[in-house]
Amino acid sequence: MSEELTMPRLSDTMEEGRIGRWLKREGESFREGDVIAEIETDKATMEFQAYDDGTVLRIIVDDGETAALGAPIAIVGEAGEEVEAPTEEPAAEPEPPATSGSDPDVAPEKTGSDPNFSPAAPAPQGNGKTDVLRVSPIARRMADAAGLDLRSLAGKGSGPDGRIVKADVERALGTGMAEQAAEQPAPAETSATGPGVSAPGEGDEVRELSPMLKAVARRMTESKTTVPHFYVSSEIDMTKALALRKELNEALAEAGEKVSVNDLIVRACAQALVAHPQAHRSYVEGRHVYHAHAHVGIAVALDDGLIVPVLRDADTKGLRQIAAEARDLAERARAGKLRQQEIEGATFTVSNMGMLGVSAFAAIINPPESAILAVSATIQRPVVRDGSVGVGDIMAVTLSCDHRACSGADGARLLQTVKRHLEAPTLLLA
């Protein structure tokens, strides 16, 4: 018997999700545990696995479309099982509009029992009968907001069975805007975020944010406006650490293993965090939560945005294990293959932009974490050692701390220990 698949909760803060792509299309069967779709959440692109055997009978929310948590996204059942097509009686002759802003030719929206589509106006057919436009929910909302008559797209939908989807509305709106631009002068500015904000210029492209980018924007705004940040900076002589890394990688080459500079930094931070519990605690609703283990977030840049997979219990793992797990997390993060538990629960984050040649920066804390370490490029420059001038590999770092969770001295001591372990890197092997 057929049943609805609904938008699952794939992160603790998820309110809606966007279908990245369906891996199983209408009519295709799947087995329990198969990945049937990729869903973009506020934190990552996650795999949606089937919890039973079945067949995709109808896709309700298509690729690139968004649905609220718990909303139906597909209908599944047994192969060959028929799903009733949505029906709706033709609209009666409408009453005159109550206000000047209403459209007398559009039938009022009805709420049907079939969640397959958002009802739209009946579209006249050549045989004199009427039929109901098949429209995805997001396409319907976009059209309503823009005042687009969906009947103009009748028979032109690019979705399953001619269904009108988001891309169809976007194309229609883009064409309409271009035609209107030739007839009407564009306003000099808009008030989207306040006075003086210019409208997009000619040739500019406006894109909707992905759920993840929306969440990043919201979380970072909340953090900078509600968390009292303070910053502690230092320079670390990485000469010995780089020499140790080279020696390790030469020894591990035959096994196909490799240790990165970031692995050394994560190991040093994990050791320092458990050594300084005053700096490894979170401020949560007026209380301090002391963390038993260092769960270190590793910032990974994506083509469009940033994701922070979590290396759990990093304080209990050696360099080789940290290197292997960090590499696996980064690869799966870029491929959109992370699981929910791998992007939640960090107690501290390392954000490394050294590979991009950045000389210095400060990162924004992701609450309820108490701190984040910003790592810049390692550069060679003259240094004084034991009264003699030599060349050293110097790395600039900045620790951002939540002043509600730790004091300036707590943050300084934490950074001091990180520095000591990297400048005497045999400590990383302990």
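**Overview and selected features**

N352 stands opposite V375 in strand β21. This pair belongs to a predicted model, in which the protein has 7 helices and 22 strands. Of the 430 residues in the protein, 41% are buried. Among the contacts with a separation of 6 or more, 61% join residues 24 or more positions apart.

**Confidence**

- The average pLDDT of the protein is 82, and 81% of the residues score at least 70.
- Residues 86–130 have a pLDDT below 50, and this stretch makes 64 contacts in the model beyond near neighbours in sequence.
- Over residues 177–194 the pLDDT also stays under 50, and the model has 9 contacts for them beyond four places in sequence.
- Where pLDDT is low, the predicted coordinates should not be read in detail.

**Strands β20, β21 and β22**

- Strand β20 covers residues 348–352 and pairs with strand β21, residues 371–385, in the parallel sense over 4 bridges.
- On the pairing of β21 with strand β22, residues 388–402, the sense is antiparallel and there are 13 bridges.
- Q380 has D393 in β22 as its bridge partner.
- The hairpin of β21 and β22 has 2 residues between the strands, and D386 takes a positive phi near 50 degrees there.
- Strands of a sheet pair through backbone hydrogen bonds, either parallel or antiparallel.

**The open sheet of four strands**

- An open sheet of 4 strands runs in the order β5-β4-β2-β7, with antiparallel pairing.
- Its edge strands are β5 (45–49) and β7 (66–68), each of which pairs on one side only.
- On average, neighbouring strands of this sheet are turned by 40 degrees against each other, direction ignored.
- Strand β4, residues 35–40, pairs with β5 in the antiparallel sense over 5 bridges.
- Within this pairing, M46 in β5 is the bridge partner of I39.

- Helix α5 spans residues 261–275, 15 residues in total, and reaches 22 Å from its first C-alpha to its last, close to the 21 Å expected at 1.5 Å a residue.
- The helix α5 is mostly covered, with 12 of its 15 residues buried.
- The largest nonpolar core has 72 residues, and I73, F348, L373, L399 and L422 have the most contacts inside it.
- Helix α5 supplies the largest share of this core, 8 residues.
- Another core, of 8 residues, lies apart from it and includes V135, A139, I164 and V169.
- Leaving out residues up to four places away in sequence, I73 touches L5, T6, M7, I19, W22, F48, I59, I60, V61 and A67.

- S158 lies in the loop between α1 (137–146) and α2 (166–183).
- Because its relative accessibility is 48%, S158 counts as partly exposed.
- Not counting residues up to four places away in sequence, S158 touches R163, V165, D168 and R171.
- One of these residues, D168, is 10 residues from S158 in sequence, and the two are 6.8 Å apart in space, C-alpha to C-alpha.

Note on methods: Residues are numbered from 1 along each chain as its sequence is written. This is a predicted model: local features need pLDDT of at least 70, side-chain atom pairs count only at pLDDT 80 or more; totals for chains, interfaces and linings use all residues. Side-chain values use heavy atoms; hydrogens and water are left out. Two strands pair if DSSP finds at least two bridges between them. The expected span of a helix is 1.5 Å times one less than its number of residues. Buried means under 20% relative accessible area, exposed over 50%, partly exposed in between (1.4 Å probe, protein chains only). A nonpolar core is a set of buried Ala, Val, Leu, Ile, Met, Phe, Trp, Tyr and Cys residues joined through side-chain atoms within 4.5 Å. Contact means heavy atoms within 4.5 Å. Axes are lines fitted to C-alpha atoms, for helices over the stretch in contact, and angles run from 0 to 180 degrees between N-to-C directions. pLDDT is the predictor's confidence in each residue, from 0 to 100.
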